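Here is a colleague's note for someone meeting this structure for the first time. Please keep the sequence and the model open while going through the numbered points.

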Amino acid sequence: MRDHFASCFNEYAVQVSDTSCSSYSNSACIPPSLIPSIQNTVTCLYKLTLSNKKQVFITVSWSKTNITQGLSVHFGDDPSNVFKLNTNSRLFRKKKGSKSLDLDHLKVEIFWDLCAARYLSGPEPIDGYYLLVKVDSQLGLILGDMAEEASLRKLKNGIPMAKFSLVSRKEHFSGNTLYSTKAQFCDNGSSHDILIRCSGENEGLKHPVLSVYIDKNMVIRVKRLQWNFRGNQSIFVDGLLVDLMWDVHDWFFNPTSGCALFMFRTRSGLDSRLWLDDKDKLLHKDQDKVEFSLLIYASKTT
């Protein structure tokens with residue numbers, strides 16, 4: 001899929017627009033009867049830098065099904081280095097606690113409190129929780145609106161702080177062809193509303209049309225989507241150059257099991273490459289700057 005994206009330069013590939021002054025209509029025009037798809041899984045990759053400059057990658061996944069809701073924390077690339085919590089299981093309802101792990105010469109401690117966590121329709125809590133991860137006696141990952149108070153209690157004991165940053169976020173949706181989420185493209189940036197919509201024959205259109213909105217401003221509109229099923233466009237968000245790429249091939253040619261992929265990825269204006277090498281895509285070597293990507297996997301049901 002990476003090669004498909006990189007090799008596909010259609011009429012949308014080199015356009016640059018600003019979300020604050022888009023040339024498209026500012027009206028999302030979403031029918032009130034159209035319900036957004038359901039978010040099933042959210043997976044966030046964080047890069048933790050310890051005081052000795054050692055880097056640790058931590059993946060936090062929130063998941064939800066009809067009967068379960070869970071959390072998992074992975075360390076590095078080894079799938080066995082994982083902590084899992086199923087908050088709905090009768091076997092494990094411990095919504096507050098701590099866990100110690102010894103992983104690859106690292107001593108890890110995880111602290112969580114989901115007792116008062118509030119959720120909307122998705123698997124990730126919106127408030128009332130915290131998740132802390134301590135690596136080699138350094139407090140690193142700090143998540144949740146209650147995390148600051150919880151971390152301060154531990155910092156009073158002299159625990160040093162490590163640095164962490166969000167590298168990528170993946171979201172899986174299922175349902176119709178309307179996808180709504182939020183994204184913050186840099187640490188000091190604002191949170192933006194993102195809406196992706198595919199319009200079709202049931203709305204009087206002869207050919208499917210793909211529209212992407214950021215803060216209710218339309219940033220791309222792809223007509224005749226069945227022919228332009230892969231492509232890319234660059235936009236500016238918070239002064240950052242963001243590559244927006246889409247691949248909806250399987251919506252048309254593998255509808256029973258395939259899903260579409262939408263990707264938003266920050267990029268330096270000096271870097272002309274849409275895709276970096278595998279070793280570079282997490283950390284830009286020339287600028288020592290962490291880039292951020294948002295991937296949306298979207299399956300539709302008919």
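1. Strands here are DSSP runs of E with at least two residues, numbered from the N terminus, and two of them count as paired if DSSP finds at least two bridges between them.

2. The model is predicted, so that local features need pLDDT of at least 70 and side-chain atom pairs count only at pLDDT 80 or more, while totals for chains, interfaces and linings use all residues. Residues are numbered from 1 along each chain as its sequence is written, and side-chain values use heavy atoms, with hydrogens and water left out.

3. β12 and β13 belong to an open sheet of four strands, in the order β11-β12-β13-β14, with antiparallel pairing. Because β11 (178-183) and β14 (217-222) stand at the edges with a single partner strand each, one side of each has no neighbour in the sheet. From one strand to the next the twist averages 15°, where axes are lines fitted to C-alpha atoms and angles run from 0 to 180 degrees between N-to-C directions.

4. The loop between β11 and β12 holds S190, which is partly exposed with a relative accessible area of 42%; on this scale buried means under 20%, exposed over 50%, and partly exposed in between, using a 1.4 Å probe and protein chains only. Although S190 and D238 are 48 residues apart along the chain, their C-alpha atoms are separated by 7.7 Å.

5. Strand β2 (residues 38-49) is mostly covered, with nine of its twelve residues buried.

6. Strand β8 (residues 130-135) is joined to β9 by five bridges, and the two run antiparallel, with V133 and L141 as bridge partners. In β9, six of its six residues are buried. Two residues lie between the strands in the hairpin of β8 and β9, where D136 takes a positive phi near 50°.

7. Where does the largest pocket lie? Domain 1 (43-167) and domain 2 (176-273 + 289-300) both give residues to its lining, so the largest pocket lies between them; the domain bounds come from an automatic or database domain assignment. Its volume is about 1,400 Å³, that is, the space filled by probe spheres set on grid points joined across faces, edges and corners. A pocket is an open set of points on a 1 Å grid over the protein atoms alone, where a 1.4 Å probe fits, with protein on both sides within 12 Å along at least five of seven lines, and lining residues have an atom within 4 Å of a point.

8. The largest pocket is lined by 46 residues, of which E124, R169, K182, A183 and Q184 lie nearest its centre. At least two lining residues come from each of β2, β3, β9 (138-143), β10, β11 and β12, and β10 gives the most, with five.
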